[in-house]
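The sequence and the structure are shown first.

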Amino acid sequence: MKKWIKDAIIYEIYPISFYDSNGDGLGDFNGITQKIPYLVDLGVNTVWINPFYKSPFKDGGYDVTDYYAVDKRFGSMQDCENMLQAFHKAGIRVIVDLVVGHTSDEHMWFKKSKQAKPDPKYKDWYVWTDCCFTPADRSMKGMSKRNGNYIVNYYAFQPALNYGFNEIKKGEESWQWHYTDERLKPLRDEIINIIRFWLEKGVDGFRVDLANSLVKADKDGEGVKWFWNIVIGEAKKINPDCCFLAEWGNPIKAAECGFDLDYLCHATQPYNELFRSDKGTNLTPWLERAGHSYFAKEGEGSFENFLAYVTEIFETSQGAYSIPTGFHDIIRIAEKKDVGVLKCIFAFILTFKCVPQIYYGDEIGIKHNYRVNKDGGYVRTGARTPMQWDNSAHRGFTKAKRAYLPTETAKKRSVENQKEDEHSLCNTVKSLIKLHKEYPQFSYEADLTMINSGYPLEFMRKANGEEIYIAINPTEKEWEIKQNPQTVLAQENVERKEKTIKLKKYGFIVAKM
Ligand SMILES: [Ca+2]
């Protein structure tokens with residue numbers, strides 16, 4: 001079966017910040033539903049919606065207390081189902097988050113597991129040492145009446161669910177169980193139930209949080225491979241068309257585990273070298289260690305590591321990968337970049353051999369807001385501020401006096417302001433998406449031939465014997481190229497002379513040969 005996700009143009013929605021339909025200051029399901037016409041007009045065909053399950057939101061909903069319920073801040077289950085139906089009616093597929101590496105410490109399972117006399121059903125659903133004086137990495141001590149410490153994945157309130165260990169420490173066999181241990185099966189069955197529940201509600205796929213780290217001490221990844229092949233295999237028995245998107249940053253490994261797609265993230269250094277190696281563009285200075293991004297006006301970055309990375313995927317793996325403009329865990333892409341560079345980035349992800357992934361608001365160039373911290377986001381909260389629809393208060397996100405999160409401050413950035421200007425970022429993205437869908441040369445499966453991986457970037461995409469030439473200059477320098485393509489499909493900041501193309505500052509061209 002052909003995987004639809006390989007032809008997806010994914011748009012990520014952070015639901016608290018997309019659109020508030022009832023004036024309480026918080027984005028909600030009905031708000032998303034009301035904005036579907038905007039997404040249809042933009043041209044995306046798949047959305048990924050961040051967690052909306054019942055949660056205390058100490059980590060943006062990545063701390064679930066009930067996988068079978070929606071949080072009331074977003075509306076009712078009926079509202080959620082209406083949203084899913086409306087997306088499908090509009091021809092847009094929906095991916096939802098599967099956050100099963102850990103639960104919130106307020107989840108009923110954990111409450112029953114941490115009792116002095118644990119409920120037998122949930123006793124082993126978390127990773128507990130058998131005595132509170134047993135040393136263990138990343139473990140919380142003295143937090144419960146149960147005699148033991150529990151392992152956490154991230155924050156203190158995120159106890160790891162128990163999927164077993166790959167390498168078991170000598171002397172710790174009583175609590176470090178092998179990942180194939182039959183005693184772990186009830187939890188695995190529960191995860192399959194959660195997947196079944198949401199597939200029956202109509203979702204088309206799952207973005208899997210912490211996909212690579214469920215099994216502990218799993219250096220070679222054999223544990224997660226075993227686990228996901230079972231779980232994804234079961235999901236595909238329920239709906240053969242459903243797809244799984246990994247949060248991993250290793251598409252080759254992810255494909256071996258059964259994932260259909262893996263997105264590059266700040267754990268992927270070749271991705272950082274494309275967009276996020278200049279000071280102030282990534283989450284930590286360490287991630288910016290390359291010093292220069294390839295897509296930056298100075299033109300001092302390198303495309304080579306990224307090219308080697310994806311070439312290995314193309315040559316050795318059935319796996320596919322997507323390139324996100326941004327996501328909820330990282331600094332906004334527009335930070336430290338001119339609109340011209342942003343247009344080049346969109347021209348790249350919408351023509352290169354990849355699945356393009358757009359973070360809401362990046363299509364209008366929303367900047368990072370460093371002054372906010374909510375729901376355990378810390379600096380990440382700055383990338384989660386409301387979508388900017390028009391020029392009214394709160395940029396049209398809410399009619400409430402106070403929005404849950406403030407918008408970014410620039411007055412001029414809104415969908416409305418960019419609508420009339422055909423050269424606006426939003427309209428450029430829209431026309432590139434249209435092109436992407438119109439020509440089979442831009443599908444993931446079409447051939448890629450690199451012409452120049454220095455500056456400017458030049459490559460060819462080929463399908464059905466027809467070639468399309470792409471050249472992108474993400475720098476402020478000028479370049480002259482000896483190429484004479486026949487029909488221009490898109491261009492910006494380009495001067496054509498006889499048999500040559502001059503790519504001016506931030507120039508790009510997409511043309512038939
Ligand atoms: Ca609301």
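Strand β17, residues 487–497, pairs with strand β18, residues 500–512, in the antiparallel sense, and 9 bridges join the two. The model is a predicted one. Within this pairing, E495 has K502 of β18 as its bridge partner.

The hairpin of β17 and β18 has 2 residues between the strands. In this hairpin, K499 takes a positive phi near 60°.

## The parallel barrel

A barrel is closed by 8 strands, whose order is β1-β2-β5-β8-β9-β10-β11-β12, with parallel pairing. Direction ignored, neighbouring strands of this sheet are turned against each other by 25° on average.

One of the pairings in detail is that of strand β5 (residues 93–98) with strand β8 (residues 205–208): these run parallel and are joined by 4 bridges. L98 stands opposite V208, a residue of β8. In a regular strand, side chains alternate between the two faces of the sheet.

Is P51 buried or exposed? P51 counts as buried because 26 C-beta neighbours fall inside 10 Å, where 20 or more are required.

Leaving aside residues up to four places away in sequence, P51 touches G61, Y62, V64, D97 and V99. For G61, the separation from P51 is 10 residues in sequence, and the C-alpha to C-alpha distance is 5.4 Å.

## Packing of α10 against α12

Helix α10 spans residues 339–349 and helix α12 spans residues 425–438. Their axes come within 10 Å and cross at roughly 15°. The helix α10 is therefore roughly parallel to α12, since angles under 35 degrees count as roughly parallel. The crossing of the two helices, α10 and α12, is right-handed.

Which residues make the contact? On α10 they are V339, L342, K343, F346 and A347; on α12 they are L425, T428, V429 and L432. By class, the residues of this contact of α10 with α12 comprise 7 nonpolar, 1 polar and 1 charged.

Methods
Residues are numbered from 1 along each chain as its sequence is written. This is a predicted model: local features need pLDDT of at least 70, side-chain atom pairs count only at pLDDT 80 or more; totals for chains, interfaces and linings use all residues. Axes are lines fitted to C-alpha atoms, for helices over the stretch in contact, and angles run from 0 to 180 degrees between N-to-C directions. Angles under 35 degrees count as roughly parallel, over 145 as roughly antiparallel, 65 to 115 as roughly perpendicular and the rest as oblique. A crossing is left-handed if the near helix is turned anticlockwise from the far one by less than a right angle, and right-handed if clockwise. Two residues are in contact if their C-beta atoms, placed from the backbone, lie within 7 Å. Ala, Val, Leu, Ile, Met, Phe, Trp, Tyr, Cys and Pro count as nonpolar, Asp, Glu, Lys and Arg as charged, and the others, Gly among them, as polar. A residue is buried if 20 or more other C-beta atoms lie within 10 Å of its own, exposed if 12 or fewer, and partly exposed in between; C-beta atoms are placed from the backbone. Two strands pair if DSSP finds at least two bridges between them.
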